[in-house]
Amino acid sequence: MFHFLKLIKQLQHPDSKMKALKELDLFAVKNERNRKYMVEAGVPRAMLLFIVNCFKEDCVSGLEEALSALFLIRIPSAEAKLLPKQNDQIIKSLIWVLGCEFNTQVMVKSHAVSALKSIIETASSVVLERLEPKFFEMIVGVLK
(Lines give C-alpha, C1' and ligand atoms only; values in the text may rest on other atoms or scores of the structure.)
Protein backbone atom coordinates (compact mmCIF):
# COMPACT_ATOMS: atom_id res chain seq x y z
CA MET A 1 0.00 0.00 0.00
CA PHE A 2 2.92 2.33 0.70
CA HIS A 3 3.97 1.99 -2.93
CA PHE A 4 0.53 3.19 -4.09
CA LEU A 5 0.74 6.22 -1.79
CA LYS A 6 4.15 7.01 -3.28
CA LEU A 7 2.74 6.76 -6.81
CA ILE A 8 -0.14 9.07 -5.88
CA LYS A 9 2.39 11.68 -4.71
CA GLN A 10 4.30 11.30 -7.99
CA LEU A 11 1.16 12.33 -9.89
CA GLN A 12 1.78 15.90 -8.69
CA HIS A 13 5.18 16.12 -10.37
CA PRO A 14 5.20 16.77 -14.14
CA ASP A 15 8.37 14.74 -14.70
CA SER A 16 7.07 11.59 -12.95
CA LYS A 17 3.29 11.69 -13.46
CA MET A 18 3.20 9.63 -16.68
CA LYS A 19 5.42 6.93 -15.22
CA ALA A 20 3.26 6.82 -12.08
CA LEU A 21 0.02 6.64 -14.12
CA LYS A 22 1.33 3.80 -16.25
CA GLU A 23 2.49 1.93 -13.18
CA LEU A 24 -0.87 2.39 -11.44
CA ASP A 25 -2.64 1.17 -14.56
CA LEU A 26 -0.40 -1.92 -14.73
CA PHE A 27 -1.00 -2.71 -11.06
CA ALA A 28 -4.76 -2.38 -11.58
CA VAL A 29 -4.62 -4.78 -14.54
CA LYS A 30 -2.54 -7.33 -12.64
CA ASN A 31 -4.98 -8.64 -10.00
CA GLU A 32 -7.87 -8.02 -7.63
CA ARG A 33 -5.64 -7.80 -4.55
CA ASN A 34 -3.80 -4.83 -6.08
CA ARG A 35 -7.11 -3.15 -6.86
CA LYS A 36 -8.26 -3.62 -3.26
CA TYR A 37 -5.06 -2.03 -1.92
CA MET A 38 -5.34 0.77 -4.47
CA VAL A 39 -8.83 1.61 -3.20
CA GLU A 40 -7.54 1.59 0.39
CA ALA A 41 -4.67 3.90 -0.59
CA GLY A 42 -7.07 6.41 -2.19
CA VAL A 43 -6.20 5.81 -5.85
CA PRO A 44 -9.80 6.34 -7.11
CA ARG A 45 -9.91 9.81 -5.57
CA ALA A 46 -6.41 10.58 -6.88
CA MET A 47 -7.45 9.52 -10.41
CA LEU A 48 -10.57 11.69 -10.27
CA LEU A 49 -8.59 14.69 -9.04
CA PHE A 50 -5.99 14.05 -11.76
CA ILE A 51 -8.80 14.15 -14.36
CA VAL A 52 -10.10 17.41 -12.86
CA ASN A 53 -6.60 18.91 -13.09
CA CYS A 54 -6.35 17.82 -16.74
CA PHE A 55 -9.67 19.58 -17.38
CA LYS A 56 -8.50 22.76 -15.65
CA GLU A 57 -5.23 22.74 -17.60
CA ASP A 58 -6.88 21.62 -20.86
CA CYS A 59 -4.35 18.78 -21.07
CA VAL A 60 -5.20 15.26 -22.22
CA SER A 61 -1.82 13.73 -21.39
CA GLY A 62 -2.35 10.83 -18.99
CA LEU A 63 -6.14 10.73 -19.24
CA GLU A 64 -6.21 7.35 -20.97
CA GLU A 65 -4.13 5.75 -18.22
CA ALA A 66 -6.04 7.47 -15.40
CA LEU A 67 -9.42 6.43 -16.80
CA SER A 68 -8.22 2.88 -17.47
CA ALA A 69 -6.99 2.47 -13.88
CA LEU A 70 -10.17 4.08 -12.54
CA PHE A 71 -12.30 1.72 -14.63
CA LEU A 72 -10.46 -1.33 -13.29
CA ILE A 73 -10.48 -0.35 -9.62
CA ARG A 74 -13.94 1.28 -9.75
CA ILE A 75 -15.10 4.16 -7.62
CA PRO A 76 -16.47 2.73 -4.37
CA SER A 77 -19.87 4.26 -3.58
CA ALA A 78 -18.59 5.28 -0.15
CA GLU A 79 -15.74 7.15 -1.86
CA ALA A 80 -18.08 8.84 -4.34
CA LYS A 81 -20.28 10.04 -1.48
CA LEU A 82 -17.26 11.70 0.14
CA LEU A 83 -16.72 13.91 -2.90
CA PRO A 84 -19.82 16.15 -2.83
CA LYS A 85 -17.96 19.43 -3.14
CA GLN A 86 -15.86 18.09 -5.99
CA ASN A 87 -18.76 16.35 -7.75
CA ASP A 88 -19.54 19.37 -9.96
CA GLN A 89 -15.92 19.63 -11.11
CA ILE A 90 -15.60 15.87 -11.54
CA ILE A 91 -18.77 15.71 -13.64
CA LYS A 92 -17.68 18.69 -15.76
CA SER A 93 -14.25 17.11 -16.21
CA LEU A 94 -15.65 13.75 -17.30
CA ILE A 95 -18.05 15.49 -19.73
CA TRP A 96 -15.03 17.38 -21.11
CA VAL A 97 -13.25 14.03 -21.60
CA LEU A 98 -16.22 12.83 -23.69
CA GLY A 99 -15.59 15.73 -26.07
CA CYS A 100 -11.85 15.08 -26.44
CA GLU A 101 -10.22 13.07 -29.21
CA PHE A 102 -8.10 10.01 -28.37
CA ASN A 103 -6.41 7.18 -30.27
CA THR A 104 -8.43 4.74 -28.18
CA GLN A 105 -11.64 6.76 -28.48
CA VAL A 106 -14.21 4.07 -27.63
CA MET A 107 -12.31 2.74 -24.61
CA VAL A 108 -11.63 6.18 -23.11
CA LYS A 109 -15.21 7.32 -23.56
CA SER A 110 -16.64 4.10 -22.12
CA HIS A 111 -14.35 4.46 -19.09
CA ALA A 112 -15.42 8.10 -18.66
CA VAL A 113 -19.10 7.09 -18.86
CA SER A 114 -18.48 4.36 -16.28
CA ALA A 115 -16.92 6.91 -13.91
CA LEU A 116 -19.81 9.31 -14.53
CA LYS A 117 -22.28 6.55 -13.73
CA SER A 118 -20.57 5.87 -10.39
CA ILE A 119 -20.59 9.56 -9.47
CA ILE A 120 -24.19 10.18 -10.60
CA GLU A 121 -25.53 7.11 -8.77
CA THR A 122 -24.34 8.48 -5.43
CA ALA A 123 -24.79 12.19 -6.12
CA SER A 124 -27.19 14.19 -4.01
CA SER A 125 -30.33 15.62 -5.55
CA VAL A 126 -28.72 19.08 -5.33
CA VAL A 127 -25.87 17.95 -7.60
CA LEU A 128 -28.28 16.26 -9.99
CA GLU A 129 -30.44 19.39 -10.21
CA ARG A 130 -27.37 21.42 -11.24
CA LEU A 131 -26.48 19.17 -14.19
CA GLU A 132 -26.08 21.36 -17.24
CA PRO A 133 -27.68 20.70 -20.64
CA LYS A 134 -24.18 19.91 -21.99
CA PHE A 135 -24.12 16.84 -19.70
CA PHE A 136 -27.20 15.40 -21.40
CA GLU A 137 -26.01 16.42 -24.89
CA MET A 138 -22.68 14.61 -24.40
CA ILE A 139 -24.29 11.48 -22.94
CA VAL A 140 -26.75 11.30 -25.86
CA GLY A 141 -23.83 11.88 -28.27
CA VAL A 142 -21.90 8.97 -26.76
CA LEU A 143 -24.94 6.70 -26.90
CA LYS A 144 -25.45 7.41 -30.62
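Ser93 touches Ile51, Val52 and Phe55, leaving out residues up to four places away in sequence; contact means heavy atoms within 4.5 Å. Ser93 sits in helix 7. Helices here are DSSP runs (H or I, at least four residues), numbered from the N terminus. With 1% relative accessibility, Ser93 is buried. Buried means under 20% relative accessible area, exposed over 50%, and partly exposed in between (1.4 Å probe, protein chains only).

The model is predicted: local features need pLDDT of at least 70, side-chain atom pairs count only at pLDDT 80 or more, and totals for chains, interfaces and linings use all residues. Residues are numbered from 1 along each chain as its sequence is written, and side-chain values use heavy atoms, without hydrogens and water.

Next, the core. A nonpolar core is a set of buried Ala, Val, Leu, Ile, Met, Phe, Trp, Tyr and Cys residues joined through side-chain atoms within 4.5 Å. The largest one has 44 residues, and Leu24, Val43, Met47, Ile51, Ile91, Leu94 and Val97 touch the most other members. Helix 4 gives the largest share, eight residues. Beyond its neighbours within four places in sequence, Met47 contacts Leu11, Leu21, Leu24, Ala66, Ala69 and Leu70.

Now the rings. The whole structure holds three aromatic pairs. One of them joins Phe135 and Phe136, edge-to-face, at 4.9 Å centre to centre and 90° between the planes. Rings of Phe, Tyr and Trp (its six-membered ring) pair if their centres lie within 6.5 Å; planes under 30 degrees apart count as stacked, over 60 as edge-to-face and the rest as tilted. Phe135 is buried at 12% relative accessible area, whereas Phe136 is partly exposed at 46%.

How values were computed
Helix = DSSP H or I, 4+ residues; strand = E, 2+ residues; numbered from the N terminus.
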